[in-house]
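Please look over the sequence and the model shown below before reading on.

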Amino acid sequence: MALYVVLSAAGEVYAASYFQQADVFVALLVSFAAVCLTFNLLARHESGTARAAKSALPVFVSLNVVTAISWIGLFIGLKYAEPAIVVAFMVALGPAATVWLNTLIRRQGVPPASDIVVSVTIAAIGSYMIWISATGNAGVEWGARSSVGIVLAIMAGLSLALTNILVKLLFDRGFSGRQVLAHRFYGTILLLLGLVDHSSILFEISQHWLAIATIGLSTIIVPLLLIQEGIRRVEPFTVNMVLSTAPVITFLFQYFDSRIVPSPHTFVGNVLITAVALSNVYLQYRRSA
């Protein structure tokens with residue numbers, strides 16, 4: 001999970017810079033088409049142990065929908081807002097939503113009081129990050145479409161929490177990580193086909209193939225392999241807590257992007273989220289010891 005955070009943070013900062021001058025939809029369409037093809041090929045060489053495949057269809061359909069929202073929302077958010085704040089929105093909302101989604105979907109009963117307190121605290125810090133952006137105290141200048149980026153980042157954060165729950169449900173039914181990855185991006189590809197300017201696809205690929213390949217590998221393919229294993233081995237709430245360290249790592253990588261001015265307000269919010277996340281991981285370790 002730690003390697004996932006570092007790699008995806010670096011890739012997201014690079015993608016945010018690249019998307020300022022390039023077509024985000026072409027890059028995503030090519031990347032997710034490659035991801036879908038890659039994991040379908042990998043899944044063919046894996047002996048399936050999944051149970052009740054037909055009954056899992058609604059879960060797969062739901063997973064395709066929330067996957068499209070979370071990934072496309074993330075990347076468009078990166079284009080219009082500060083990467084560290086976009087990532088903070090996602091991980092701030094994720095834990096708060098996961099607590100109650102676990103209760104409703106996986107029927108695990110009322111979560112521990114400490115989990116509820118932590119989720120509320122992180123959601124409050126996320127509200128502070130919204131204030132940072134709205135008042136122009138972020139590292140990227142507030143523009144006409146910044147509010148769009150913020151809203152999409154919030155939607156992506158909520159969708160990511162639901163994604164973790166749905167993936168865990170499929171794992172519980174015997175599906176492997178590769179099998180889940182092979183069938184979770186059809187909805188994303190269909191949505192991107194509707195959004196992309198088809199006349200620009202070949203031009204964008206010919207001009208920016210190396211950047212597109214870099215973004216696909218660093219932000220999608222390799223991180224997905226890493227996080228799937230993390231989701232398999234630990235509970236969704238713990239996954240979100242580890243992911244909560246991502247904003248401060250992303251903030252540090254922003255020093256390599258000359259268009260972003262380091263913001264002390266963003267740094268404070270990132271550190272607060274990370275501190276609360278690590279504290280909760282420690283509390284969970286103590287409970288299970």
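This is a predicted model: local features need pLDDT of at least 70, side-chain atom pairs count only at pLDDT 80 or more; totals for chains, interfaces and linings use all residues.

## The second largest cavity

The second largest cavity is lined by Tyr80, Ala81, Glu82, Ile85, Ser133, Ala138, Val140, Glu141, Trp142, Ser146 and Ile150.

## The largest cavity

Searching the whole structure turns up three cavities of 30 Å³ or more. The largest cavity holds about 310 Å³ of space. Its lining is made of 23 residues, and those nearest the centre are Tyr4, Glu12, Leu74, Met90 and Leu160.

Which helices supply at least two residues each to the lining of the largest cavity? They are helix 1 (2-18), helix 3 (57-80), helix 4 (83-105), helix 6 (146-172) and helix 9 (201-233). In the lining of the largest cavity, 15 residues are nonpolar, six are polar and two are charged.

Leu57, Val61, Val65, Ile69, Val151 and Met155 make a nonpolar surface patch of about 500 Å². Helix 3 and helix 6 each give the patch at least two residues. The largest share comes from helix 3, with four residues.

Val65, one of the patch residues, is located in helix 3. Is Val65 buried or partly exposed? Val65 counts as partly exposed because its relative accessibility is 48%.

## The salt bridge

Side chains of opposite charge can pair when their charged atoms come close. How many salt bridges does the structure hold? There is one, and it joins the side chains of Arg259 and Asp257, with 3.2 Å from N to O.

The two partners fall into separate accessibility classes: Arg259 has 28% relative accessibility and so counts as partly exposed, whereas Asp257, at 7%, counts as buried. The cut-off for buried is under 20% relative accessible area.

Ala34 belongs to helix 2, which covers residues 24-44. With a relative accessibility of 33%, Ala34 counts as partly exposed.

How far apart are Ala34 and Ala213 in sequence and in space? In sequence, 179 residues separate Ala34 from Ala213, while their C-alpha atoms are 9.4 Å apart in space.

Definitions and conventions
Residues are numbered from 1 along each chain as its sequence is written. Side-chain values use heavy atoms; hydrogens and water are left out. On a 1 Å grid over the protein atoms alone, a cavity is a set of points where a 1.4 Å probe fits but cannot get out, and a pocket is an open set with protein on both sides within 12 Å along at least five of seven lines; lining residues have an atom within 4 Å of a point. Grid points are joined across faces, edges and corners, and a volume is the space filled by probe spheres set on the points. Ala, Val, Leu, Ile, Met, Phe, Trp, Tyr, Cys and Pro count as nonpolar, Asp, Glu, Lys and Arg as charged, and the others, Gly among them, as polar. A salt bridge is a side-chain nitrogen of Lys or Arg within 4 Å of a carboxyl oxygen of Asp or Glu. Buried means under 20% relative accessible area, exposed over 50%, partly exposed in between (1.4 Å probe, protein chains only). Patches are made of residues with over 30% relative accessible area and no salt bridge: like charges are joined within 9 Å, nonpolar side chains (Val, Leu, Ile, Met, Phe, Trp, Tyr) within 5 Å. Accessible areas come from the Shrake-Rupley method with a 1.4 Å probe; for residues, only the protein chains shown count as cover.
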